[in-house]
Amino acid sequence: MSGSEQDMIRKVEKSDMKEVADIWLESNIEVHGFISADYWINQFNMVKELLESSEIYVYDDKNLDRDNLSGEERIISGFIGMNENHVEGIFVKGAERSKGIGRALINYVKAVKGRLILNVYQKNERALMFYLREGFKVLEEQTDHATGEKELLMAWDKDTGTAYDDEWYNNKR
C-alpha cells in the first residue's frame, strides 16, 4: 500500500458512526441482492450498537486535510470491521467500489494483524473473487443459519502469504 493510501485509513471516531452504519446498510442491500432487504433493515439497530464497540478502520478521502475540515466535510468511502483476527466485513459505498478502497483496507489490516479469517456468501461472487485475489484460501463451506445462505470460511496468513496454520485456526473456532 502506498503511503498516501495508508494515510487515508484511520480508526473510526464516534462522529463517524452514523455514516459508517449507513454505509453498512446500503452496501449489504446492494451487494447481497439474494437476501431480502428487510433482513438487513431488521438487523440495522442491532448492528449500530455493535459498531459502537467494534474495531473499525475507515477509508477517509479527506483524511490528509482533516485538521481543516469538520466531520460533515470529511468523506468516508468505506470501512472494514474487525473482531480480533476475524474480518467482519468490508463495506464500500456503491460509487466508490472497484477503485482500490477495499484492497487498501484489507492490506491495512493484513499489516496490523498478520492472520485473518472471514466468511463470505458463496453467491457474492465479486467479493469471493476479491478475497481469492488477495491471497485468501477457502477452508470450508458452511450455512449461515440466519439467512440460510451458503457461505465460505476463508483465511490468510502473513508468513506464507496465503496458507494458514491449522493449529492457529482450530484454536480460533
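Me: In this predicted model, which residues does Lys110 touch, leaving out those up to four places away in sequence?

Reply: Lys110 touches Leu116, Glu134, Phe136, Trp156 and Lys158 once residues up to four places away in sequence are not counted, and each of these counts as a contact because heavy atoms lie within 4.5 Å. Lys110 itself has its place in helix α4.

Me: Why is Lys110 called buried?

Reply: The relative accessible area of Lys110 is 9%, and buried means under 20%, so Lys110 is buried.

Me: What separates the C-alpha atoms of Lys110 and Asn85?

Reply: The two C-alpha atoms are separated by 9.5 Å, although Lys110 and Asn85 are 25 residues apart along the chain.

Me: What makes a set of residues here a nonpolar core, and which residues have the most contacts inside the largest one?

Reply: Such a core is a set of buried residues of the nonpolar kinds, Ile and Tyr among them, joined through side-chain atoms within 4.5 Å. The largest core has 26 residues, and those with the most contacts inside it are Ile80, Ile90, Ile106 and Tyr131. Two or more residues each come from β2, β3, β4, α4, β5, α5 and β7 (150-157), with the largest share, six residues, coming from α4. Ile106 is in contact with Ile80, Val87, Ile90, Leu116, Phe130, Tyr131, Glu134 and Phe136, leaving aside neighbours within four places in sequence. A second, separate core of 17 residues includes Met17, Ile23, Val47 and Phe91.

Me: Which residues lie nearest the centre of the largest pocket, and how does its lining divide?

Reply: Of the 48 lining residues, Glu88, Gly89, Ile90, Phe91 and Tyr131 lie nearest the centre. The lining divides into 23 nonpolar, 15 polar and 10 charged residues; by the classes used, Ile, Phe and Tyr count as nonpolar, Glu as charged and Gly as polar.

Me: How many of the contacts in the chain join residues at least 24 apart?

Reply: Among contacts between residues at least 6 apart in sequence, 62% join residues at least 24 apart. The chain comes to six helices and seven strands, and buried residues make up 42% of its 173 residues.

Conventions: Residues numbered from 1 in each chain as written. Predicted model: local features only at pLDDT ≥ 70, side-chain atom pairs only at ≥ 80, totals over all residues. Heavy atoms only, no water. 1 Å grid on protein atoms, 1.4 Å probe; cavity = no way out; pocket = protein on both sides within 12 Å on 5 of 7 lines; lining within 4 Å. Helix = DSSP H or I, 4+ residues; strand = E, 2+ residues; numbered from the N terminus. Buried < 20%, exposed > 50% of the residue type's maximum accessible area, 1.4 Å probe, protein only.
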